[in-house]
Amino acid sequence: MPSLYETDFFTWTLEQSELIRKGELTAIDSANLAEEIFSMGASELRSLENYYIVLIKHLLKQKYQPEKATRSWEFSIRNAKNRISRLLRKNPGMKQHLSEIKTDAYDFARLEAASETGLDEKDFPEEADEWMRQKLEEK
């Protein structure tokens, strides 16, 4: 028979939080609860990576098509930087994953920048260059 976790996730979450509040820890669904907590952390990392993708994509567009730069690009850059800063401030443990996140984000951003600019993917460096690394460190 399927569990409440499988049939009604929302109700399962309410039930689990109530059990924890009451201190009825032996009654909680520890395996699924542990998986959901892990998933929450992974979701925060994906958010960080997505903000880096947006930031890097617009930095690439700005560098390789400066004549087409818009206020929207600048706004997207500032917005992504602010969101990254806020996310890292609220989750300092994510800083240990920054190198990997930036590398992965660069790969995706490079493809998106090529798609949006009409430039060939090969027009962008395969890896973030020194200019990009400096831009990613600017506040």
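Contact, in this presentation, means heavy atoms within 4.5 Å. Helices are DSSP runs of H or I with at least four residues, numbered from the N terminus. The model is predicted, so to speak of its origin first: local features need pLDDT of at least 70, side-chain atom pairs count only at pLDDT 80 or more, and totals for chains, interfaces and linings use all residues. Residues are numbered from 1 along each chain as its sequence is written, and side-chain values use heavy atoms, without hydrogens and water.

Let me begin with helix α5, residues 98-117. Its 20 residues reach 27 Å from first C-alpha to last, close to the 28 Å expected when 1.5 Å is multiplied by one less than the number of residues. Buried residues, meaning those under 20% relative accessible area with a 1.4 Å probe and protein chains only, include L98, I101, Y106 and T117 in α5. The buried residues of α5 pack against α3, α4 (71-90) and α6 (130-137). After α5 comes G118, with a positive phi near 85°.

I turn now to the core. A nonpolar core is a set of buried Ala, Val, Leu, Ile, Met, Phe, Trp, Tyr and Cys residues joined through side-chain atoms within 4.5 Å. The largest one has 23 residues, of which L48, Y52, L55 and I56 touch the most other members. Helices α3, α4, α5 and α6 each supply at least two residues of this core. Beyond its neighbours within four places in sequence, I56 is in contact with K102, A105, Y106, A109, M132 and L136.

Key
Buried < 20%, exposed > 50% of the residue type's maximum accessible area, 1.4 Å probe, protein only.
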